Amino acid sequence: MIDINTASAAEIDAVPQLKGHGFEIVRYREDRGRFEALRQLEEVPGMAGNVVGLEGAINFG
């Protein structure tokens with residue numbers, strides 16, 4: 001399980017469902033601040049509809 005608020009792009013890319021989205025997630029986090037809920041990941045470009053099943057893979061430390 002990774003903390004989506006502190007993980008590097010490479011660590012995020014290591015999660016199969018997030019592979020290829022690490023850079024965008026980190027950039028979004030740096031621009032807009034911490035993620036507080038899974039639904040916020042839907043706002044990251046390219047992530048709409050791709051967050052189902054991530055509950056056991058990430059946390060929001």
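**Contacts, core and charges**

Leaving out residues up to four places away in sequence, His21 touches Asp13, Pro45, Gly46, Met47 and Asn50 (contact means heavy atoms within 4.5 Å). His21 sits in the loop between H1 and H2; helices (H or I, at least four residues) and strands (E, at least two) are DSSP runs, numbered from the N terminus. With a relative accessibility of 17%, His21 counts as buried (buried is under 20% relative accessible area, exposed over 50%, partly exposed in between, with a 1.4 Å probe and protein chains only).

The model is predicted, with local features requiring pLDDT of at least 70 and side-chain atom pairs counted only at pLDDT 80 or more, while totals for chains, interfaces and linings use all residues. Residues are numbered from 1 along each chain as its sequence is written, and side-chain values use heavy atoms, with hydrogens and water left out. The mean pLDDT of the protein is 95, and 100% of the residues score at least 70 (pLDDT is the predictor's confidence in each residue, from 0 to 100).

The largest nonpolar core holds 17 residues (a set of buried Ala, Val, Leu, Ile, Met, Phe, Trp, Tyr and Cys residues joined through side-chain atoms within 4.5 Å). Its members that touch the most others are Ile4, Ile12, Leu18, Ile25, Leu41, Leu54 and Ile58. Helix H2 (residues 22-32) gives the most to this core, with three residues.

Ile4 belongs to the loop between strand S1 (2-3) and H1, and its relative accessible area is 0%, so Ile4 is buried. Beyond four places in sequence, the contacts of Ile4 include Ile12, Leu18, Ile25, Leu41 and Ile58, as well as Arg29 and Phe60. Phe60 is 56 residues from Ile4 in sequence, yet their C-alpha atoms are 5.8 Å apart. Ile12, counted in the same way, touches residues including Ile2, Ile4, Leu18, Ile25, Val26 and Arg29.

Which element holds Arg29? Arg29 is part of helix H2. Arg29 is buried but has no salt bridge, and Glu30, the nearest side chain of opposite charge, is 5.3 Å away (Lys and Arg count as positive, Asp and Glu as negative; His and the chain ends are not counted). A polar atom of the Arg29 side chain lies 2.6 Å from the backbone oxygen of Ile4. Apart from neighbours within four places, Arg29 is in contact with Ile4, Asn5, Thr6, Ala7, Ile12 and Phe35.

Side chains of opposite charge can pair when their charged atoms come close. How many salt bridges does the whole structure contain? The search finds two (a side-chain nitrogen of Lys or Arg within 4 Å of a carboxyl oxygen of Asp or Glu). One joins Arg27 and Glu24 at 2.9 Å, N to O. Both residues lie in helix H2, three residues apart, about one turn of the helix. Arg27 has a relative accessible area of 39% and is therefore partly exposed. Another joins Glu36 and Arg34 at 3.8 Å, N to O. Glu36 counts as exposed because its relative accessibility is 56%, whereas Arg34, at 41%, is partly exposed.

The loop between S1 and H1 also contains Ser8, which is partly exposed at 33% relative accessible area. Ser8 and Gly22 are 14 residues apart along the chain, with 7.4 Å between their C-alpha atoms.

Note on methods: Polar contact = N/O pair within 3.5 Å; in protein donor to acceptor, adjacent residues only side chain to side chain.
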